[in-house]
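Biologist: I am new to this structure and would like to learn how to read it. Please take one feature at a time.

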Amino acid sequence: MPNNILLKELLKNILKKLGLYHFLQGNYRQLLVAVKGISSQVKYAKFKGTGFECNCCGAMYSQFIPDYPSAENAHAISANEVVAGYGENILCPSCLSTARERLIIALLKDNIKLTGKKILHFSPEKKIYNFIKSSNEVITADIQPLFYKNIDSKIKNEDATHLSFSDNNFDVVIGNHIMEHIPNDAKALKEIYRVLKPGGRAILQVPYSTKITNTLEEPGINDPQKQSTLFGQKDHVRIYQMQDYISRLQYCGFKVSLMEYKDLSMYYKNAIQLNEAFLSILK
Ligand SMILES: [Zn+2]
């Protein structure tokens, strides 16, 4: 292993031992976002005008910023035709909201209206968290809570497969793109079902493929490089086949209906991700 990689690993391990790694990583990401935000506003000033409207910040541009997977992730994404948040018009040039955040916010504004609800929000995405917290009671949670401290300082340390909450506790559970990270997804889905009130709603979007015939997975894997090659991200353990994911949800007791991309045409103006379908999931 080259010296600089060894040094990087050593520093990472020291920071992990000190309990600082995920906290610094979360803050570093926010800093990168802030710097990128300033430069993209300058770069995209010429595209200001009609076309797409960001439903997080209200900015309007004829083009949003594209986002493509890194070289090590690209093959798995393209070979399996994974709908994974990449493509043209993904990031808002003004606030850097992502297409996947804008889809959820569009639905929350227009379709799933939430006021006065008790919500459990896993791995909180900043824009979604800020949107729901103004009119709801929101508890945030993650298995690496320090990573999200800069979004919610009160975030709880929770393992989705062993939740500390009592049964029938939440009106809504949001876990946007978390299931593909969890080795025992069946257990996490059962736990989410357990803590939801009867009639409650789960928002559990995942990267998925309709090209593959079976979900590709290796729940026991712990090899970032191989995970990139197989699943298109170094911390993913699977690529869901869409119908199989729906079956896994139904097996846990959820009632699932699919809003296909063509059913979401009223939100195209918000530059949602091309081809992304939305799963309506109810207990
Ligand atoms: Zn924006």
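This is a predicted model: local features need pLDDT of at least 70, side-chain atom pairs count only at pLDDT 80 or more; totals for chains, interfaces and linings use all residues.

Biologist: On the other side of α3, which residues are exposed?

Modeller: A71 and A79 are exposed there. Residues are numbered from 1 along each chain as its sequence is written.

Biologist: Which residues of α3 are buried?

Modeller: An α-helix has 3.6 residues a turn, so residues three or four places apart point the same way. In α3 the buried residues are N73, A76 and I77. They lie on the same side of α3, because the arc they cover around the axis is only 100° (the arc is that of the directions from the helix axis to the C-beta atoms).

Biologist: What do the buried residues of α3 pack against?

Modeller: They pack against α7. Two packed helices are described by the angle between their axes and the distance between the axes. Here α3 (residues 71–79) and α7 (residues 224–231) have axes that come within 6 Å and cross at roughly 35°. Axes are lines fitted to C-alpha atoms, for helices over the stretch in contact, and angles run from 0 to 180 degrees between N-to-C directions. Helices (H or I, at least four residues) and strands (E, at least two) are DSSP runs, numbered from the N terminus.

Biologist: Which residues make the contact of α3 and α7?

Modeller: α3 gives E72, N73, H75 and A76, and α7 gives S228, T229, L230 and F231. Two residues are in contact if their C-beta atoms, placed from the backbone, lie within 7 Å.

Biologist: Where is phi positive?

Modeller: Most residues other than glycine have a negative phi, and most peptide bonds are trans. E81, which follows α3, has a positive phi near 50°. S123, not a glycine, has a positive phi of about 40° and sits in the loop between β5 (118–122) and α5 (126–133). A271 has a phi near 55°, in the loop between β13 (255–259) and β14 (278–282).

Biologist: Why do S123 and A271 count as buried?

Modeller: S123 is buried because 21 other C-beta atoms lie within 10 Å. A271 is buried because 27 C-beta neighbours lie inside 10 Å.

Terms used:
A residue is buried if 20 or more other C-beta atoms lie within 10 Å of its own, exposed if 12 or fewer, and partly exposed in between; C-beta atoms are placed from the backbone.
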